[in-house]
Amino acid sequence: MEYNVRQIREDDYKTIFSWIESEGIDIYPLPASKSSEYDILKEFESYFSKNYFYIIEIVPDNKRVGFCHIDRYDVVGQNVNTYFYVEPNYDMKEIIQHIIKHFFFNLNVNRISFFIFEFEKSKITALQNLQTIGVTKTGVFPEDIYRHGKYYDKYIYSVLCREYSTKNI
């Protein structure tokens, strides 16, 4: 299956909001003071305009299957830290490869670091299966998030452009 990674548009907000609500995704603190979906979507607009958000969609029908959020973009060092979400039943490994290609070849970054929480087992498995293209586990933040009465570690999986390029020529 072919996927496209593109910048977020206003017509994507409701889809992302529905994923966050249904999956319990923690991408930023949802404002408790907002009383309606409209208010929350307006808050999204403010948040998205200040950050790098991308939609992952199937080509050619443009069905949205996930999103990617750059949490930190070091322009000088050309490094990005990212979180992502992929709907169940889609090939996470293949989608991660599209994210990697997009960031290396469209954003011209040197290193991509994926931040994954301990409870995100399918993401961990997919990233571990990408060692052949240069993805490696590079760090752990012990007990980085508290969720549902328990602390969880955050793992970092990274890939360098030069390692990726030499293994994908």
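Among contacts in the chain between residues at least 6 apart in sequence, what percentage join residues at least 24 apart? The share is 60%, where contact means heavy atoms within 4.5 Å.

This is a predicted model: local features need pLDDT of at least 70, side-chain atom pairs count only at pLDDT 80 or more, and totals for chains, interfaces and linings use all residues. Residues are numbered from 1 along each chain as its sequence is written, and side-chain values use heavy atoms, with hydrogens and water left out.

**Confidence**

pLDDT is the predictor's confidence in each residue, from 0 to 100. The chain averages 83. At least 70 is reached by 81% of the residues. Among the elements, helix α2 (residues 37–49) has the lowest mean pLDDT, 62. Strand β7 (residues 150–160) has the highest, 95. Over residues 28–34 pLDDT stays under 50. For that stretch the model has 9 contacts beyond four places in sequence. Where pLDDT is low, the predicted coordinates should not be read in detail.

**Layout**

The chain holds 5 helices and 7 strands. Both are DSSP runs numbered from the N terminus: helices are H or I with at least four residues, strands are E with at least two. From the N terminus on, the order is β-α-α-β-β-β-α-β-α-β-β-α. Of the 169 residues, 48% count as buried. Buried means under 20% relative accessible area, exposed over 50%, and partly exposed in between (1.4 Å probe, protein chains only).

Strands β6 (residues 136–147) and β7 pair in the antiparallel sense over 8 bridges; pairing requires at least two DSSP bridges between two strands. Thr136 stands opposite Ser158 in β7. The β6–β7 hairpin has 2 residues between the strands. His148 takes a positive phi there, near 55°.

**Cores**

A nonpolar core is a set of buried Ala, Val, Leu, Ile, Met, Phe, Trp, Tyr and Cys residues joined through side-chain atoms within 4.5 Å. The largest one has 34 residues. Phe84, Ile96, Ile99, Ile100, Phe103, Ile112 and Phe114 touch the most other members. Helix α3 (residues 92–106) gives the largest share, 7 residues. A second, separate core of 9 residues includes Tyr13, Ile20, Phe53 and Tyr85.

Beyond four places in sequence, Ile112 contacts Val80, Thr82, Ile100, Phe103, Phe104, Tyr157, Ser158 and Val159. Val159 lies in strand β7. Its contacts, under the same exclusion of residues up to four places away, include Ile100, Phe104, Ile112, Ile133 and Tyr164.

Helix α4 (residues 121–128) has four buried residues named here: Lys123, Ile124, Ala126 and Leu127. Seen down the α4 axis, they fall within an arc of 165°, so they line one face of the helix. The arc is that of the directions from the helix axis to the C-beta atoms. Their cover includes β4, α3, β5 (111–117) and β7.

**Asn79**

Asn79 is found in strand β4 (residues 79–86). Beyond four places in sequence, Asn79 touches Arg72, Tyr73, Asp74, Asn110 and Arg111.

| Backbone atom | Distance |
|---|---|
| Gly77 oxygen | 3.4 Å |
| Arg111 nitrogen | 3.4 Å |

Buried or exposed: which are Asn79 and Val159? Asn79 is buried, with a relative accessible area of 10%. Val159 is buried too, at 1%.

Terms used: A polar contact is a pair of N or O atoms within 3.5 Å; within protein, one must be able to donate a hydrogen and the other to accept it, and residues adjacent in sequence count only if both atoms are side-chain atoms.
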